[in-house]
Amino acid sequence: EQIGRIAKVSIRLWTGRKNQIRTQFAHAKFPVLGDEKYSRVGKRRESRLYLHAKTLEFTSPSTGTRLHFEAAEPEIFARRISEEAKRVRRQPPGGAF
């Protein structure tokens, strides 16, 4: 789903490498919104890093039990997308981002 300069994506990771999502998306020129470490794009300073793990699943190294966690998307994500949609609607036809 893309609205203006923001795209909401869903990905699945098979490894747990630190900053894997952030570095790979930044390298592809699609930085995570609010990422001040890996992104040099955009004029607006975001209040947070817009990265959320909806589902986490792994085997506990101490018990061997398969663990599964789910968390709802933070409300601030929907608010930020709504702000971007309003910004896009205000753009004149053929206007710059």
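How much space lies in the largest pocket? About 2000 Å³ lies there in this predicted model, where a volume is the space filled by probe spheres set on grid points joined across faces, edges and corners. A pocket is an open set of points on a 1 Å grid over the protein atoms alone where a 1.4 Å probe fits, with protein on both sides within 12 Å along at least five of seven lines; lining residues have an atom within 4 Å of a point. The model is predicted, so local features need pLDDT of at least 70 and side-chain atom pairs count only at pLDDT 80 or more, whereas totals for chains, interfaces and linings use all residues. Residues are numbered from 1 along each chain as its sequence is written, and side-chain values use heavy atoms, with hydrogens and water left out.

The lining of the largest pocket comprises 46 residues, and Val9, Ile21, Val32, Tyr50 and Leu51 lie nearest its centre. At least two lining residues come from each of β2, α1 (20-27), β3 and α2. Helices (H or I, at least four residues) and strands (E, at least two) are DSSP runs, numbered from the N terminus.

Helix α2 (residues 75-90) has 16 residues and, at 1.5 Å a residue, should span 22 Å; its end C-alpha atoms are 23 Å apart, which agrees. The expected span is 1.5 Å times one less than the number of residues. Buried residues of α2 (under 20% relative accessible area; exposed is over 50%, partly exposed in between, with a 1.4 Å probe and protein chains only) are Phe77, Arg80, Ile81, Glu84, Ala85 and Arg87. They cover an arc of only 160 degrees around the axis, taken from the directions from the helix axis to the C-beta atoms, and are therefore on the same side of α2. These buried residues pack against β1 (2-3) and β2 (6-7), contact meaning heavy atoms within 4.5 Å. Exposed residues Glu75, Arg89 and Arg90 are carried on the face of α2 turned away from its buried side.

Strands β3 (residues 55-59) and β4 (residues 66-70) pair in the antiparallel sense over five bridges; pairing requires that DSSP finds at least two bridges between two strands. Thr55 has Glu70 as its bridge partner in β4, and Thr59 stands opposite Arg66. The two strands form a hairpin with six residues between them, and Gly64 in the turn has a positive phi of about 80 degrees. Within β4, His68 is partly exposed, with a relative accessible area of 42%. Its C-alpha atom is separated by 5.8 Å from that of Leu56, 12 residues away along the chain. Neighbours within four places in sequence aside, His68 is in contact with Thr55, Leu56 and Glu57.

Thr65 is placed in the loop between β3 and β4 and counts as partly exposed at 41% relative accessibility. Beyond its neighbours within four places in sequence, Thr65 is in contact with Phe58, Thr59 and Ser60. Thr65 and Ala26 are 39 residues apart in sequence, with 34 Å between their C-alpha atoms.

Lys29 lies in the loop between α1 and β3. Lys29 is exposed, with a relative accessible area of 68%, and has a positive phi of about 70 degrees although it is not a glycine. Most residues other than glycine have a negative phi.
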